[in-house]
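The following questions and answers go through one protein chain. Please look at the sequence and the model first.

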Amino acid sequence: MSEHIFNQWDHLPINLAAEQIANPLIAIDDFFSAAWLPEHIEELYKWRKSILESNFFVDAKGSPVSLLTAYKNNLKLIEAAYLINAAYKNGYYSYSVAISKSAEQLTDEKQKWSHFPTLLNEVELMNPLAVIEDLFNAFSLPEYREQLDEWLENGLSNQSADKWMESSKIISVYENLQELYGAAWLIYQRLSDDPYLKQDKTVADVVNIQVSSQLPAP
């Protein structure tokens with residue numbers, strides 16, 4: 001991939017709706033409404049694997065079509081993280097609530113939340129905003145978009161991309177996205193009025209069982 005100078009418009013969120021720009025947490029909620037944290041981690045692994053091997057991305061239905069959705073979801077998540085990082089660095093301290101106050105808080109979250117990040121260290125779990133800052137210290141917003149364009153193109157190809165994409169950059173983007181998923185989950189859960197809890201899943205399962213038991217036999 002050739003290096004080039006980006007213009008000022010490249011450094012703006014161009015894939016988010018107006019309401020998502022006004023409140024980036026909406027974009028994060030949409031991301032995790034599309035799939036749970038571990039599901040996104042697994043999908044990203046399959047995407048990276050398809051890039052480095054001589055085969056194209058295949059979803060659970062044996063089709064590559066869901067890769068386009070994954071691509072769009074990741075673009076929006078990165079842009080939402082960019083806005084959160086910019087707001088926090090410019091003194092919007094409401095996001096500081098996303099910083100854990102103690103190890104006891106982490107223990108409580110692990111017990112109550114439906115999912116908890118497993119790929120972040122304790123320092124990163126305490127302060128996911130620092131993870132977001134490191135994310136954009138590594139690559140700029142337009143660089144991430146450019147990388148994901150390459151990932152999409154090569155994920156749909158049956159040829160290995162290591163001949164024309166830098167392996168080190170692929171690995172860096174992959175690891176950064178994994179950490180972004182975890183940080184975004186922490187930020188959303190801690191700032192949301194309605195976080196995803198284990199009991200929510202339990203209640204939903206019970207309701208589904210009750211409804212199924214009331215349905216007439218075929």
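Q: In which handedness of crossing does H2 pass H9?
A: This is a predicted model, in which local features need pLDDT of at least 70, side-chain atom pairs count only at pLDDT 80 or more, and totals for chains, interfaces and linings use all residues. Residues are numbered from 1 along each chain as its sequence is written, and side-chain values use heavy atoms, with hydrogens and water left out. A crossing is left-handed if the near helix is turned anticlockwise from the far one by less than a right angle, and right-handed if clockwise. For H2 passing H9, the crossing is left-handed.

Q: Which residues of H2 and H9 make the contact?
A: Contact means heavy atoms within 4.5 Å. H9 contributes Tyr181, Ala184, Trp185, Ile187, Tyr188 and Leu191, and H2 contributes Leu25, Ile28, Asp29, Phe31 and Phe32.

Q: How many nonpolar residues does the contact of H2 with H9 have?
A: Ala, Val, Leu, Ile, Met, Phe, Trp, Tyr, Cys and Pro count as nonpolar, Asp, Glu, Lys and Arg as charged, and the others, Gly among them, as polar. The contact of H2 with H9 has one charged residue, no polar ones and, as nonpolar residues, ten.

Q: How are H2 and H9 oriented to each other?
A: Helix H2 spans residues 24–34 and helix H9 residues 167–191; they pack at about 115 degrees with axes 10 Å apart. Axes are lines fitted to C-alpha atoms, for helices over the stretch in contact, and angles run from 0 to 180 degrees between N-to-C directions. Angles under 35 degrees count as roughly parallel, over 145 as roughly antiparallel, 65 to 115 as roughly perpendicular and the rest as oblique. H2 is therefore, relative to H9, roughly perpendicular.

Q: Which residues of H7 take part in the contact with H4?
A: Helix H4 (residues 66–89) and helix H7 (residues 128–138) pack at about 110 degrees, their axes 10 Å apart, which means that H4 is roughly perpendicular to H7. From H4, the contact uses Ile78, Ala81, Tyr82, Ile84, Asn85 and Tyr88; from H7, Leu129, Ile132, Glu133 and Phe136.

Q: How many helices are there in the chain?
A: Helices (H or I, at least four residues) and strands (E, at least two) are DSSP runs, numbered from the N terminus. The chain has zero strands, and its number of helices is ten.

Q: Is proline 117 buried or exposed?
A: Proline 117 lies in the loop between helix H5 (103–112) and helix H6 (122–126). Not counting residues up to four places away in sequence, proline 117 touches Leu37, Leu125, Gly182, Trp185 and Leu186. Buried means under 20% relative accessible area, exposed over 50%, partly exposed in between (1.4 Å probe, protein chains only). Because its relative accessibility is 7%, proline 117 counts as buried.

Q: What separates the C-alpha atoms of proline 38 and tyrosine 181?
A: Proline 38 is in helix H3 (residues 37–52) and, at 41% relative accessibility, counts as partly exposed. Proline 38 and tyrosine 181 are 143 residues apart along the chain, and their C-alpha atoms are separated by 9.2 Å.

Q: Over which residues does pLDDT stay under 50?
A: pLDDT is the predictor's confidence in each residue, from 0 to 100. Its mean over the chain is 85, and 85% of the residues reach 70 or more. Where pLDDT is low, the predicted coordinates should not be read in detail. The stretch under 50, for which the model has zero contacts beyond four places in sequence, is residues 203–218.
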